[in-house]
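Here are some notes for a first look at this entry. Please keep the structure open while reading.

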Amino acid sequence: MWSNGDVQPEISGSTAPDCSGEMQALIDEMRVQDFDSIRFATYRAACKLRFIQKKTNVHLVDIWNMIESFRENGLNAMPIHTQIKTSRIELLLTTIYHNLNKRLVSSQHIDTDKSISLLLSFLLGTYDKQQTGRLTVFSIKIALATICAGKLVDKLRYMFSQISDSSGFLEYDKFTDFLQQVLALTTAVFEAPTFGFSEAAVAQCFLKDQRVTLNNFLDVFMSDPCPPCVMWLPLLHRMASVEHVYHPVVCDACQVRSFTGFRYKCQRCTNYQLCQNCFWRGRTSQNHSNEHEMKEYSSYKSPTKQLAHSIHKSLQCIPTANTKPPPLFAERPQRPLELQNIVPATPTTLRRAPPDPIPDWPSSPVLLPGQVANGAALDDEHKLIARYSAKLSGRADYPLGNGRDRSINHPVDERSLIARLEEENSHMMREISRLESQTLSDDGQLTGLRERKSQLEEKMFVMQQKRRDLMMQLEQLMTQLNAPGAVSYPSASMSQIPESLAGVGSKVSSAFRAGSLPASATNLQGDLLHAADQITTNMGEFLRELDQAQDQDVPASVPNGHYQGPI
């Protein structure tokens with residue numbers, strides 16, 4: 001927490017840092033842009049503040065990041081009229097710009113020191129007229145929330161949270177101070193004659209005894225037209241939105257072939273169009289006059305799209321209004337954000353832990369974002385921040401009870417969670433080991449089947465060779481037996497007779513001679529035929545067994561059922 005010395009009012013004898021030189025340099029650079037030549041005070045004030053936005057790079061920071069920076073530096077816990085030192089303001093600006101560089105890519109990083117120096121000098125030159133070196137928390141919040149980026153409705157909601165009571169109604173004194181702080185920005189850019197603070201400016205918005213809610217506040221400031229003292233505020237946001245809108249048309253005053261920003265078209269002259277710089281400064285050409293009515297365009301449509309749009313409008317039975325009403329919000333203040341619903345749970349929490357029950361909201365008044373109340377509300381906010389930190393650190397939950405319950409229950413939950421995780425880990429390791437062993441056994445069976453197949457193929461090849469040799473020998477024997485006049489056979493041919501025919505000798509020729517055959521010759525002839533039949537039968541049985549073995553090996557070698565062909 002910050003020390004009490006940082007938030008006490010200014011004491012005599014203190015000196016403020018000299019930022020007048022940087023403020024003067026910023027004003028001189030703004031004058032070079034020739035904004036004073038713009039005819040309309042509303043556009044002139046908006047252009048000057050837009051220049052300050054871009055020069056200090058605050059247009060890159062949206063309202064939500066600005067509010068988060070307020071929280072990080074403890075401004076939301078301080079009373080709004082507390083004065084803080086320049087060093088504290090510089091620390092706040094350092095947080096804003098350093099967080100901005102974290103969100104930007106490295107090639108788009110900004111010079112934080114220069115931006116901090118320029119914005120600090122502008123804030124001191126705007127609100128520290130007495131050069132005390134201190135600013136109030138309220139003026140810093142309103143100034144930064146006004147000139148930062150973001151939607152106008154979000155900015156107005158945050159500003160209303162700073163000037164409303166716990167019941168959700170506007171406090172007139174705080175609203176007067178708020179309007180004074182906002183109009184101090186236009187006064188700093190020399191637009192006080194038109195947009196300076198006065199009691200009449202406050203009366204233009206609300207009556208003193210009027211009960212104003214958030215919806216009433218938004219209706220007044222976002223209406224068209226809005227109160228004259230703040231007409232530059234919605235225009236500032238419109239200028240930021242159309243800054244890069246491209247119009248591929250020729251400006252009839254400066255003859256530029258294309259331009260960006262607003263485009264203005266005369267309602268009397270035929271197809272007479274001007275860019276924003278020429279219209280704002282009153283430049284004309286041909287027969288056009290500045291007294292002619294002009295229509296402002298923030299986008300470009302080709303003639304074909306314009307014709308289609310006109311036909312579509314003409315065919316509509318009931319014309320629809322172009323302007324949408326502002327969104328309506330609850331009459332009572334909004335409750336603080338429940339960070340548990342925003343932070344994603346860890347994968348372990350999603351798998352194991354049941355969803356946390358959503359607690360009932362208390363019946364006491366709740367606050368808008370950024371609003372400060374009593375110590376109980378601050379305690380609730382601290383508990384939400386602690387719960388948010390617990391989610392980021394990976395813990396499943398963060399008990400909102402006292403410290404004793406937190407010290408007792410939470411370690412027990414952690415130990416049970418660790419035990420479950422270790423059990424799951426051991427189960428997964430066992431499953432992995434089982435799958436690896438199964439894979440190795442399948443590979444061994446497959447290798448054995450391949451070896452068995454190769455052995456059977458080699459054995460089949462040898463048996464086929466023997467069968468061919470036996471058939472050739474049998475054919476030679478039959479040829480010799482059937483040859484006429486064959487009496488004897490060379491010893492070489494008789495030596496090639498198989499073992500089953502050995503010992504027959506010269507009885508083979510006499511066994512197949514024409515005429516009467518003795519009983520021994522008849523027996524020899526039967527033996528030869530029986531031997532040939534046995535050879536054929538054995539070879540057939542061997543081939544059938546070999547085919548059956550192959551049919552049994554193929555399914556066994558492919559246990560998963562996805563056989564793709566021979567191995």
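What share of the contacts in the protein chain with a separation of 6 or more comes from residues 24 or more positions apart?

1. Overall picture. This is a predicted model. Residues 24 or more positions apart account for 66% of the contacts in the protein chain with a separation of 6 or more. The chain has 567 residues, and 35% of them count as buried. Its secondary structure comprises 20 helices and 7 strands.

2. A helix pair. Look at α7, residues 152-163, and α8, residues 172-188. The two helices pack at an angle of about 130°. Their axes lie 9 Å apart. That angle makes α7 oblique to α8. In general, the angle and the distance between the axes are what describe two packed helices.

3. Who meets whom. On the α7 side, the contact involves Met-159, Gln-162 and Ile-163. On the α8 side, the partners are Lys-174, Phe-175 and Phe-178. Sorted by class, the contact of α7 with α8 has 4 nonpolar residues, 1 polar residue and 1 charged residue.

4. A sheet of 3 strands. The sheet is open, and its order is β6-β5-β7. The pairing is antiparallel. The edge strands are β6 (273-275) and β7 (294-297), and each pairs on one side only. On average, neighbouring strands of this sheet are turned by 25° against each other, with direction ignored.

5. Inside the sheet. Take strand β5, residues 263-266. It is joined to β7 by 4 bridges, and the two run antiparallel. Here Lys-265 stands opposite Lys-295 in β7.

6. Cysteines. How many disulfides does the model have? The count comes to 0. A disulfide is a covalent bond between the sulfur atoms of two cysteines. The cut-off used here is 2.5 Å between the sulfur atoms. Cys-205 is in no disulfide: the nearest cysteine sulfur belongs to Cys-229 and is 4.1 Å away. Cys-205 is buried, at a relative accessible area of 10%.

7. Is Cys-275 buried or exposed? Cys-275 counts as buried because its relative accessibility is 6%, and the cut-off for buried is under 20%.

Terms used: Residues are numbered from 1 along each chain as its sequence is written. This is a predicted model: local features need pLDDT of at least 70, side-chain atom pairs count only at pLDDT 80 or more; totals for chains, interfaces and linings use all residues. Side-chain values use heavy atoms; hydrogens and water are left out. Axes are lines fitted to C-alpha atoms, for helices over the stretch in contact, and angles run from 0 to 180 degrees between N-to-C directions. Angles under 35 degrees count as roughly parallel, over 145 as roughly antiparallel, 65 to 115 as roughly perpendicular and the rest as oblique. Contact means heavy atoms within 4.5 Å. Ala, Val, Leu, Ile, Met, Phe, Trp, Tyr, Cys and Pro count as nonpolar, Asp, Glu, Lys and Arg as charged, and the others, Gly among them, as polar. Buried means under 20% relative accessible area, exposed over 50%, partly exposed in between (1.4 Å probe, protein chains only). Two strands pair if DSSP finds at least two bridges between them.
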